[in-house]
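Hello,

Here is the structure I said I would pass on. Please open it alongside this note.

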Amino acid sequence: MREKSPIKRAATFIAFNGLSLFAFFSVLIIPFIYGLILTFTDWNAISDTFRFIGFANYATVFSDKEFVRQFLITIRYVVISAVLCNLFAFTIAYFLTSGMRGQNLLRGGFFIPNLIGGIILGYIWKFIFANVLTQLGKGFGIAWLKTSFLTNPDRAVWAMIIVTVWQYAGYLMMIYIAGFVGIPRDVQEAADIDGAHGLRKLGSVTIPLMVPSFNICLFITLSRCFMAYDLNLALTNGAPYGSTQLAAMHVYQKAFMSKQFGVGQAEAIVLFIVVALISVTQVLLNKKREVEV
Amino acid sequence: MTARLRKRRPVSTVAVFALLILFLVPFYLVLNNSFRTTELFVSSPFRLTGSLDPKNYVSAFQKMRFMNGLGNSFLITVCSVALIMVTASMSAHYLVRNRTRLSAGIFGLMVASMIVPFQAVMIPLAKIYGSLNLYNNPWTLMFFYMGFGQSFAIFIFHGFIKGIPFELEEAALIDGCGKLKNFFRIVLPNLKPVMVTVLILDVLWIWNDFLLPSMVLLSPELRTLPLSTYSFFTTYSVDYAPLMAGLVLTIIPVIVLYLLCQRQIIEGVVQGAIK
Amino acid sequence: MKHSRFIALLLTLLMLSTMVTIGAAAEGEVKLTYYSTSAEVNAMFETMFAKYHELNPNVTVELIPTGVGMGQQEQLQSLFASGNAPTFMNIDPANILDYEEKLLVFDENTDWFQYMNPGAIEAGRMNGKVYGLPFSTQGYGLCYNKRVVESVIPGFDPATINTQDALRTFFETLDAAGVVPTLIHGANWSVGCHYLGLAYAVHGKDAESGEAFIESLIDGTTDIATDPLFQGYMDTYDLLVKYNLRKDDPLVGDYNADNAAFGAGECATFFMGDWMWTVLGTLENKDTEYGYIPVPWSNDPTAYGNTEVVVSMPKVMCIDASQSTPEQQAAALELLKWMLTSAEGQEYFIQAGFSMPYNNVRKDAVYNSMTQAIAGYSAVGKTINIGCFTYLTGDAWAKTGDMMLKYTVGAIDRAQLAQEINDFWKTQTKH
């Protein structure tokens, strides 16, 4: 499909990628580079002037104990959410592709949480955790429900995990369903003939063939959870006492509330690099597995 | 075999249905309490509403200037999603079919950009586009969505196009069909299932988005529906009853779209399976 | 052909959208934008602007609300950064510092400033210049529900609560009668800014004393643990924690629920300002008679702070001079004159329950009982000046508020709390 003349080749490239890359570069890459440059300045986001101050902002980032602490909380939240989201979505997708009665209705139903935006959803869940569950706890005398999930540092993280799973499970389920349906029928039939049923078939035939789906889903959950902001803001806003402030929100607070724009921006860059490293490693590892299968 | 499966699984069917009901409790709360007062919602959220008093809906409709918001949301969503789908599918097709180092580089950059925190580009965006006097303009917002939407759409299209056999296109190209024509005639129709997926995901994202429009759209007459719900939020509290009515009104269009496309999503999945 | 139809549709939509883009204002018309940080009264401002447009058809005002899920600060910053600075805005006086170089400096000899109450002009003064004009006086302390308190103590006189011991006895009496004595709103702004702020502000009757105290914390020359005001207010805080309606789950901090509980008489007192009327006043099931008692910090009834409540002008109106045209600035000034000093403009504020610091407000204006109680303290000069709150902007109130919340649930003790507050201030810089 390669053209001979370089001019023609360039013309094809521009015809197919021109608009796409123009938008992508003007909206993401150029502002990102601009932002990167700002991390080497003392700009406060309001003033008309700024000075270049070298790596001072980065030095501040790595001496900011809070950022490190919040990064660890974030990792804990991301790992648990990613595992639970995928486990849950995979299980549901498995049942909903097994020829269950009403499976289309069920597929639609589990997808519904995706129809609402993150912020309003967060406010509704906040109300559920703070009022509805505590009322149930008091009404039925269930001790652990009597106090709000959102007022205990440990349980507040779990509250975020629950809502994350609730929100993303249906989305991931769709991808897994596509994966299940995509497994060639002859492979399944061969497995049936060989006498592989139930869990054995799942383990030795189905799961290896689902690796591409896992790959996409893990990437989506990892990147979304690391970037979680809307939900964090609306559901806990860092409460109780800053213990559930995830990395993305910390960055935001630093840049705007603490008026350390350069430091906040530098933290955003650090966050980006860490997430990029984790995601790339994950994709590469799984790609390898995909090839082996 | 299917029949046997169906008979064998009543327990899991019940379990999955029970799970779904649990899943949808928040929606029951929203729908039910959109007919009650904030006070009643706070004191007894589960009690079934006694009447279908549309008071909150009327108030939400007026306070949100619903028709104005609906028009803006509709226009912005439709244009942005159309722009994303056309440009991203073309780009993804090129990247799959031209396996050069440049293609790999572009694709890598796209994937990496999916994890750029929005906060890292928010103020630079305001600085750049503000100084060009492009703020407070729906076109700018659509362009932003087009830029931000590329990577994920290309990511999805890329994966799908990889699975389409090249022979189909090869035949057309040998017949002397130009590359663009080949794309629109041969490739695009084959992308229908994945198009629906991208459509749904991008519509949901853009329809519900808060941050970007609240940055770009300042004038009241440009506000999208989610922005219009601001009037139910005060600094430290939320007026839940009309907010929930407003929420129901806001998601109705999306639900309609979803119901319309649901069959096609499943169809798309099945088509993908046959190949 | 299918895709041609699709492209036609796309083009039509694009053409439609051009019609939506805003056109330039016609000759002689002035368009102003107003950024509001008082979300609870946005509707009031909008009706006011509509009325003004009726009176002056050449002036239109657009209100830019704080976006949901967006902080007031970062939105204002992005408005300035994007060249869309609002023509005028209401902000916290403390934030003037950030925009000092961009705001209009008001001429103190402007004729209509004579209507301001003595001292009101100080609310918007920063480094000697006036950048903001106040529009409301608000206050806070321990609000009490008259019906509930008088059911236990008939003929209750709030002036009797002038020492810590008096407050303790008061709470014990209520508690013995089966009435929950008090309510702490478990949110960092309430306990961090408003409550802990007392321990800074009561250092003197002027703003400078509180500021000097905070600056000594920044220098590290003062250890807050050795400060009698801090210890005194924390002793009182322990009392509030002990008798708190939300004792079982103190950090819920649900503003609606707390207002509903207080309004319904579930507790006798509530540490909150008279602004709560904007929520509480709209409830169906509520009491209407309230009063205020101070938050005493020692057992000396003559000590400053024991018989005073906080009164402040929490928001000021500012005009942008960096991006707005001289015509817009002049029009905004005219509009402010109408809003703040004309009988017509003031009526909107009165109806919304704002007590305005202007001497030409009609004398028969009737306010809710909370605002009246605060005004009573103002009238006799029994007020606490919270000018030092300029140091509580940014994230200071949130950070120290979070420390107070930790203390509230016993996650840290008082010595640790003092240590954390000391450590926090040391990371701050002086203005």
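Below is what I found in it, part by part. Keep in mind that this is a predicted model.

Helix 3 of chain C

Start with helix 3 of chain C, residues 72-81. Of its 10 residues, 9 are buried, so the helix is largely enclosed by the rest of the structure. The buried ones are Gln72(C), Gln73(C), Glu74(C), Leu76(C), Gln77(C), Ser78(C), Leu79(C), Phe80(C) and Ala81(C). What covers them? Chain A contributes helix 12 (247-257) to the cover. Chain B contributes helix 8 (119-131) and helix 13 (211-216). Strand 1 (30-36) of chain C is also included. Just past the helix, look at Gly83(C), where phi is positive, at about 75 degrees.

Chains A and B

Next, the contact between chains A and B. Chain B puts in 62 residues and chain A puts in 63. On the chain B side, helix 15 (residues 240-274) gives the most, with 12 residues. By class, that side of chain B has 43 nonpolar, 14 polar and 5 charged residues.

Domains of chain C

The assignment for chain C has two entries. Domain 1 covers 25-137 + 313-362, and domain 2 covers 139-312 + 375-426. Their centres, taken over C-alpha atoms, are 30 Å apart. How many residues of domain 1 touch domain 2 in chain C? The count is 10 residues of domain 1 in contact with 10 residues of domain 2. The domain 1 side of that contact holds 4 nonpolar, 4 polar and 2 charged residues.

Best wishes

Conventions:
Residues numbered from 1 in each chain as written. Chains lettered and ligands numbered in written order. Predicted model: local features only at pLDDT ≥ 70, side-chain atom pairs only at ≥ 80, totals over all residues. Buried ≥ 20, exposed ≤ 12 C-beta atoms within 10 Å, placed from the backbone. Helix = DSSP H or I, 4+ residues; strand = E, 2+ residues; numbered from the N terminus. Contact = placed C-beta atoms within 7 Å. Nonpolar A, V, L, I, M, F, W, Y, C, P; charged D, E, K, R; others polar. Domains from an automatic or database assignment.
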